[in-house]
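Visitor: Could you take me through a close look at the pockets, one at a time?

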Amino acid sequence: MATDEGLTPVRPTHSMPLVFGAGAAVGVLGGMIGLGGAEFRLPLLISLFGFAALAAVILNKAMSLVVVVAAMPARLAAVPASEVAGHWPVAINLLAGSLLGAWAGASWAVRMRSSTLYQVLAALMVLMAAALLVTHTTALGTVALPLWAQVPCGVVAGFGIGVVAAIMGVAGGELLIPTIVLLFAVNIKTAGSLSLLVSLPTMLVVFARYSRDGSFAVLGTNLRFTAVMAAGSIAGAALGGLLLGVFSELVLIPALAVILLVSAAKLARHN
């Protein structure tokens with residue numbers, strides 16, 4: 001039964017095989033496109049497992065953090081550390097905005113009425129669908145900006161990404177990677193590694209902000225659920241990585257975008 005704050009799931013018990021399977025499905029979807037898949041996990045937490053919007057966001061953020069930490073060794077092994085380190089100013093530039101955006105986004109989320117948060121989440125799901133299509137179906141170029149314009153643009157972009165990541169409980173790679181490519185002319189493979197380096201401290205700031213609010217208690221009361229679903233996501237991401245390239249992106253990416261749009265429509269109608 002849900003509490004007055006809506007911080008516990010409507011259904012008080014869950015089948016752990018179902019929880020693991022849902023996490024694995026999310027991981028496979030994310031792994032096939034080289035992302036964590038948290039944008040697919042959020043609607044499942046709300047629609048399938050009955051969590052209220054804010055509780056789902058916090059749990060999603062916890063799982064995203066686990067998945068990012070698990071993905072870092074493999075990602076850093078794929079791209080030489082020296083190459084990533086050579087772009088440290090890019091990470092610092094984006095972090096200057098994303099850390100502030102993460103704190104602000106989490107602050108706004110805990111103050112929003114539940115009905116408003118559902119509408120905001122629906123809009124952000126549409127944004128994620130658009131970002132997915134743009135990133136994977138178009139050849140990303142670069143915006144030739146002088147340094148004096150590039151730095152503030154990076155801060156502003158980082159702030160916006162931090163807000164989105166905090167409100168949705170995602171790592172933000174869907175937005176970070178194209179931003180790094182477009183603004184800083186970094187190749188997409190290295191951009192993926194840099195996005196993890198920006199995502200991790202940004203997520204820690206989100207947790208610091210949420211921990212000041214009573215809603216953070218949902219994590220403590222659902223630790224087993226969170227651990228099992230995160231484990232499923234990691235296993236699914238590994239499988240999805242093996243399937244990378246098996247399915248044509250001309251079919252896969254539009255299909256995933258449709259999933260996001262359908263999820264957005266359901267969230268928009270959620271009371």
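Guide: Gladly! In the second largest pocket, the lining divides into 10 nonpolar, 2 polar and 2 charged residues (Ala, Val, Leu, Ile, Met, Phe, Trp, Tyr, Cys and Pro count as nonpolar, Asp, Glu, Lys and Arg as charged, and the others, Gly among them, as polar). This is a predicted model, in which local features need pLDDT of at least 70 and side-chain atom pairs count only at pLDDT 80 or more, while totals for chains, interfaces and linings use all residues. Numbering runs from 1 along each chain as its sequence is written, and side-chain values use heavy atoms, with hydrogens and water left out.

A pocket here is an open set of points on a 1 Å grid over the protein atoms alone, where a 1.4 Å probe fits, with protein on both sides within 12 Å along at least five of seven lines; lining residues have an atom within 4 Å of a point. The second largest pocket holds about 200 Å³ of space (grid points are joined across faces, edges and corners, and the volume is what probe spheres set on them fill). Closest to its centre, out of 14 lining residues, are Phe40, Pro43, Leu44, Ile259 and Ser263. Two or more lining residues come from each of H1, H2 and helix H12 (249-268); helices are DSSP runs of H or I, at least four residues, numbered from the N terminus.

Turning to the largest pocket, its volume is about 990 Å³. Gly34, Leu35, Gly36, Ala71 and Arg75 are the closest to its centre among 40 lining residues. H3 gives the largest share of that lining, 8 residues. By class, the lining of the largest pocket comprises 20 nonpolar, 14 polar and 6 charged residues.
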